[in-house]
Amino acid sequence: MKKIIISVAFLFVCHLISAQYTPIINSKRPGFSESPYGVGTKVFQVETGAFYEQSKINELFYADNSFGANLFLRYGRFIEKLEVNLDVAYQQDERSFHNVLITNPTTVNGLSRLTLGAKYLIYNSKYTDKSKEVRSWKKRMAFDWKRLIPSVGVYAGWNSNFLSDGFKEDKMSLKGAVLLQNDFNDRFVLLTNLIVDRILLSDMEYSYILTATYALNEKWSMFGEHQGNFRKNKNNKFQFGAGTAYLISKNIQLDVAARTTMVSQGTINYVSLGGSWRLDRHKGKKKANGELEGTKEPFFKRIFKKRKKKRKVKKVKHKKRRKSKKSKKGTPSFFKKKKKKKKK
């Protein structure tokens, strides 16, 4: 898994183009996967929500019930394709020890996650706009095979160990990921994340996330997600989730999701409810025709405009020359010459 992640990152590292700002909020919630696109320069975004988790696992030591809140802050400042983010989680667990006798559960609460990271877009896949194809219905409806090439981004994060007792690790660790996105059409999007977590610790974690999102209309969208976690000296986890999101405005979104994680000893059920909000001060927003505000017109368009102006000037000059040839009485000089010939 580690070799695959490194090779995919190296394959696309040389393709550098700018990110794509979206006029409508682009939120990570309610899924766990991340898009390779950033929020855009001068955009501050808040994604938060509450969750409840119930475990049914037959282990010696486990958490019966957990609930808490997540806070994900995103900000773009320097360049379009770079985003800085902060992932924070507060959690309260009811833990018990299972042996021959079951002890009374103990409560552990506090800061369970604090990760500072950055995301960078490496490759932005481009597709042809087939909606403008009017000559052939077959060409307009045919699948664009370029859409199989995903947009690619990379993520690097630092897992702080400034956590509450009961959630602390031996030391701090690092996190890395390759983020892929396929836009199969205007409604259906597939996200693929390849993640390496807990780097520098003895038990690194490898995982993948597949998230399929489908927009029902301009307001409602739904998603399905599958995640696999592989950790040394731990049981493998496979999670399946689904949810929906509702767009209140172009800067506000609400969401709800439910998940089930399967391990060899049992299952973990998870539900969440939250929302996303952004403060949009991005410059150069798109107009209705797709052009960016404040940008110059295309080069050839400016040339054609200049040529049209020159032609108008020539016509005006030509008219003035014809008028200047007229005599004082108003008769053209051509008729005067004819009269002189008749007298001879």
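Reader: Where in the structure is H282 found?

Author: H282 is in the loop between β12 and α3 (299–324). Strands and helices here are DSSP runs numbered from the N terminus (E for strands, at least two residues; H or I for helices, at least four). Bear in mind that this is a predicted model, where local features need pLDDT of at least 70, side-chain atom pairs count only at pLDDT 80 or more, and totals for chains, interfaces and linings use all residues. Residues are numbered from 1 along each chain as its sequence is written, and side-chain values use heavy atoms, with hydrogens and water left out.

Reader: Why is H282 called buried?

Author: Its relative accessible area is 8%. Buried means under 20%, exposed means over 50%, and partly exposed is in between (1.4 Å probe, protein chains only). With 8% set against that limit, H282 counts as buried.

Reader: What makes the link between H282 and E80 a polar contact?

Author: Their side chains come to 2.5 Å. A polar contact is a pair of N or O atoms within 3.5 Å; within protein, one must be able to donate a hydrogen and the other to accept it, and residues adjacent in sequence count only if both atoms are side-chain atoms. Touching, or contact, means heavy atoms within 4.5 Å.

Reader: How do you know whether I209 is buried or exposed?

Author: I209 has 2% relative accessibility, so it counts as buried. I209 sits in strand β8 (residues 205–215). Beyond neighbours within four places in sequence, its contacts include F32, S33, L191 and H226. S33 is 176 residues away along the chain, yet the two C-alpha atoms are separated by 6.1 Å.

Reader: What makes D255 and R29 a salt bridge?

Author: Their closest N and O atoms are 2.9 Å apart. The rule asks for a side-chain nitrogen of Lys or Arg within 4 Å of a carboxyl oxygen of Asp or Glu, so this pair passes. D255 lies in strand β11 and R29 in the loop between α1 (2–11) and β1, so the pair ties together parts that are 226 residues apart in sequence. Both residues are buried. The structure holds 12 salt bridges.

Reader: Which residue meets E47 in a salt bridge, and why are the two called buried?

Author: The partner of E47 is R74, at 2.9 Å from N to O. The pair links strand β1 with strand β2 (residues 61–76), 27 residues apart. E47 has 1% relative accessibility and R74 has 3%, so each counts as buried. E225 and R259 form another salt bridge, with 2.6 Å between the closest N and O atoms. That pair connects strand β9 to strand β11, 34 residues apart. Salt bridges that share partners also join K28, E34, E47, R74, E83 and K119 into one network.

Reader: How do you know that β9 and β10 pair?

Author: Two strands pair if DSSP finds at least two bridges between them. β9 (residues 220–231) and β10 (residues 237–249) have 10 bridges, in the antiparallel sense, and H226 stands opposite F240 in β10. Their hairpin has 5 residues between the strands, and N233 there takes a positive phi near 65 degrees. β10 also runs antiparallel to β11, with 11 bridges. Across those two, F238 stands opposite M262 in β11, and the hairpin they form has 2 residues between the strands.

Reader: What makes a nonpolar surface patch here?

Author: F44, Y75, I248, I252, L254, W277 and L279 make one of about 570 Å². Patches consist of residues with over 30% relative accessible area and no salt bridge; nonpolar side chains (Val, Leu, Ile, Met, Phe, Trp, Tyr) are joined within 5 Å, like charges within 9 Å. Areas come from the Shrake-Rupley method with a 1.4 Å probe, and for residues only the protein chains shown count as cover. β11 (252–263) and β12 (266–280) each supply at least two of the residues.

Reader: Why is F44 called partly exposed?

Author: F44 has a relative accessible area of 30%, so it falls in the partly exposed class. F44 is found in strand β1 (residues 43–57).
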